[in-house]
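Have a look at the model first, then read on.

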Amino acid sequence: MLGTAINDKTFILDIRISLNDNDVINLELQVINQHNWGERSLSYLCRAFDSLLIGDSYLEVKPVTQIGLLNFTLFPEHPEFYATYQLLNVKDYSLYSDKLRLSVLDLTRIDLATEEDRSCQLDCWARFFKATTWEELHMLAQNNETIGEAASTVYKLTQEERIRMECEAREDYYRTQRDMQLIMKRSTEKLEKLPPLPIHCGSLGICSATIRESAVQSYLPEQMRARVNAFFNVLFAVGRVAFQFLAGALGQFIPYRAVAVLLGGMGVGSVFLFIVLPAADNRPVYEAERS
């Protein structure tokens, strides 16, 4: 069901069906994997199930089925074309209630359709939702009168200007989301290709920092050690966030490799400026003995 505004929640296909004023079926089409379908589908299912009005009996609660039409595989380790889930006893798998049901139709795995799925023509409907041209819909409609009626309805809806514009906006939204995911994937691949820094350099840096921190604590009067240590930790945390923000901002304009070299150079420069040059002034701090 299309919403009245582009950013309405009903913008994504969401259909609620009541069968004989008893069973409730929720249909949701999800094109992009936002990695939250398990929780979202449970929310939809429970929201529809909790439908009792004041004065109603618990025995009058209506059975609810949540069907997700997904353009991705929900559980890659357990791929299945059409899967159904219910509340079961974890020991003997006995059914707790038949009034709650979750079903998932994986539009990307029509190849896994069983004979039962094909006898119910679920594979045909999956191809209907996957169709991208009118020719494909026409071919499907030739062998199935119900799909033909659905294709005719889709065609009539697309002729209405408002519906067509909202569908185009929805497609643009999905395309933008896919672009963002692709950009993130490429950025991650670029970072993985960067040559790793030698492990021993990191170990030496940690040892050096620990030694210098201990030396400073030894040099300071006992009553100031806790305050200076707290100030250092706050300064370090703020500096880390600031440099992460700086690295992200620079990465929008220059290659990541150049960002790494630039910030690494700043780190080396800081060591030279604050440790190497004032070595004579720092010597009494590093040679101090804890009292």
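Which residue is the bridge partner of valine 24 in S3? Valine 64 is the one.

1. Ground rules. This is a predicted model, so local features need pLDDT of at least 70 and side-chain atom pairs pLDDT 80 or more, while totals for chains, interfaces and linings use all residues. Numbering starts from 1 along each chain as its sequence is written, and side-chain values use heavy atoms, with hydrogens and water left out.

2. The sheet. Five strands form an open sheet in the order S1-S2-S3-S5-S4, with mixed pairing. Strand S1 (14–19) and strand S4 (82–85) sit at the edges, each pairing on one side only.

3. Around S2. S1 and S2 run antiparallel, joined by six bridges, and serine 18 has valine 24 as its bridge partner in S2. On to S3 (residues 64–70): S2 (residues 23–30) pairs with S3 in the parallel sense over seven bridges. Isoleucine 25 is partnered with threonine 65 in S3.

4. The core. The largest nonpolar core has 10 residues, including Ile25, Leu29, Ile67 and Phe81. Such a core is a set of buried Ala, Val, Leu, Ile, Met, Phe, Trp, Tyr and Cys residues joined through side-chain atoms within 4.5 Å. S2 and S3 each supply at least two of its residues. Six of the eight residues of S2 are buried (under 20% relative accessible area, with exposed over 50% and partly exposed in between; 1.4 Å probe, protein chains only).

Methods
Two strands pair if DSSP finds at least two bridges between them. Helices (H or I, at least four residues) and strands (E, at least two) are DSSP runs, numbered from the N terminus.
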